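Please look over the notes on this structure. They are meant to be read with the sequence and the 3D view open.

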Amino acid sequence: MQGVTVVDHPLVQHKLTLMRDKERSTKGFRQLLNEIGMLLCYEVTRDLPIERIRIETPLTTMEGAQIAGKKLVFAPILRAGVGFLDGMLTLVPAARVAHIGLYRDPESLQAVEYYFKAPSDLADRMVLVLDPMLATANSAVAAIDRLKERGAKDLRFVCLLAAPEGIEKLRGAHPDVDIWTASIDERLNDHGYIVPGLGDAGDRMYGTR
């Protein structure tokens, strides 16, 4: 699909299979989500711009590379998006963090905002929007709408699983926002859950059912 990258690295696919298992413990699920977040961050930042700088090693002077411009913003959609955050901050500890609080109304399946906090200079940074599940895409579209309202121009969406319906809706609403995912699953069921999926990522992260 145009604008969609499926990260098929063997470690990602192995860890995803472990997470899908309904017998996986809360601790194990949370740890795996953290690890996959780190691996996905590596892939989604592969084309970051770099610049050359002069440095002194213990032996000589040399020219090295560093990321150009201001660092990233990680924007997890609460609550499950936070599961990606620690792994990504391990790779990019200087990144800023935005928090977007949304919940899905069980009747309409529409996203309802309850919290939003973001750095003031979003326009100058690449923003990675984080949510393990791209299902109906209502939350993803709402989150990106708010970030764009605050000035964000360079956005990417990172998820663990995506449904074809969610991809179509997100790309339709925001064709300038590319998607990175570990899997495109079959479909959504009547309750808006991804099939075969892995259940509710937030519930499995925090042990609430």
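Predicted model: local features only at pLDDT ≥ 70, side-chain atom pairs only at ≥ 80, totals over all residues.

The points below take up the pocket, the cysteines, the rings, the backbone and some distances in turn.

1. The largest pocket: volume and lining. What is the volume of the largest pocket? It is about 650 Å³. The lining of this pocket is made up of 29 residues. Nearest to the pocket centre lie Tyr103, Arg104, Asp131, Ser139 and Asp200.

2. The largest pocket: elements and classes. Several elements each give two or more residues to the lining: strand 4 (73–78), strand 6 (99–104), strand 9 (133–134), helix 4 (138–149) and helix 6 (201–206). Sorted by class, the lining holds 16 nonpolar, eight polar and five charged residues.

3. Cysteines. How many disulfides are there? The count is zero. A disulfide is a covalent bond between the sulfur atoms of two cysteines. For Cys41, the nearest cysteine sulfur belongs to Cys159 and is 14 Å away. A pair counts as a disulfide if the two sulfur atoms are within 2.5 Å.

4. Aromatic rings. A pair of aromatic rings is described by the distance of the centres and the angle of the planes. In this model the count of aromatic pairs is zero. One ring does have a charged group over its face: Arg146 lies over Phe116, at 4.2 Å from the ring centre.

5. Cis peptide bonds. Most residues other than glycine have a negative phi, and most peptide bonds are trans. Two cis bonds deserve a look. The bond from Leu78 to Arg79 is cis, with omega near 10°. Arg79 sits in the loop between strand 4 and helix 3 (85–91). The bond from Val195 to Pro196 is also cis, with omega near 5°. Pro196 is in the loop between strand 13 (194–195) and helix 6.

6. A positive phi. Which value does phi take at Ala137? It is near 75°, which is positive in a residue other than glycine. Ala137 belongs to the loop between strand 9 and helix 4. Its relative accessibility is 4%, so Ala137 counts as buried.

7. Lys22. Where is Lys22? It is in the loop between helix 1 (10–20) and helix 2 (26–44). Lys22 has a relative accessible area of 67% and is therefore exposed. In sequence, Lys22 and Gly199 are 177 residues apart, while in space their C-alpha atoms are 8.2 Å apart. The student can check this pair directly in the view.

8. Lys70 is placed in the loop between strand 3 (61–67) and strand 4. Its relative accessibility is 45%, so Lys70 counts as partly exposed. Lys70 and Asp121 are 51 residues apart along the chain, and 9.6 Å separates their C-alpha atoms. His14 is in helix 1. With a relative accessible area of 48%, His14 is partly exposed. From His14 to Ile36 there are 22 residues along the chain and 9.9 Å between the C-alpha atoms.

9. Leu147. Is Leu147 buried or exposed? Its relative accessibility is 0%, and therefore Leu147 counts as buried. Leu147 is part of helix 4. Leu147 and Ala111 are 36 residues apart along the chain, with 15 Å between their C-alpha atoms.

Note on methods:
Residues numbered from 1 in each chain as written. Heavy atoms only, no water. Phe/Tyr/Trp six-rings, centres within 6.5 Å; stacked < 30°, edge-to-face > 60°. Lys NZ or Arg CZ within 6 Å of the ring centre and 35° of its normal. 1 Å grid on protein atoms, 1.4 Å probe; cavity = no way out; pocket = protein on both sides within 12 Å on 5 of 7 lines; lining within 4 Å. Points joined across faces, edges and corners; volume = space filled by probe spheres on them. Helix = DSSP H or I, 4+ residues; strand = E, 2+ residues; numbered from the N terminus. Nonpolar A, V, L, I, M, F, W, Y, C, P; charged D, E, K, R; others polar. Buried < 20%, exposed > 50% of the residue type's maximum accessible area, 1.4 Å probe, protein only.
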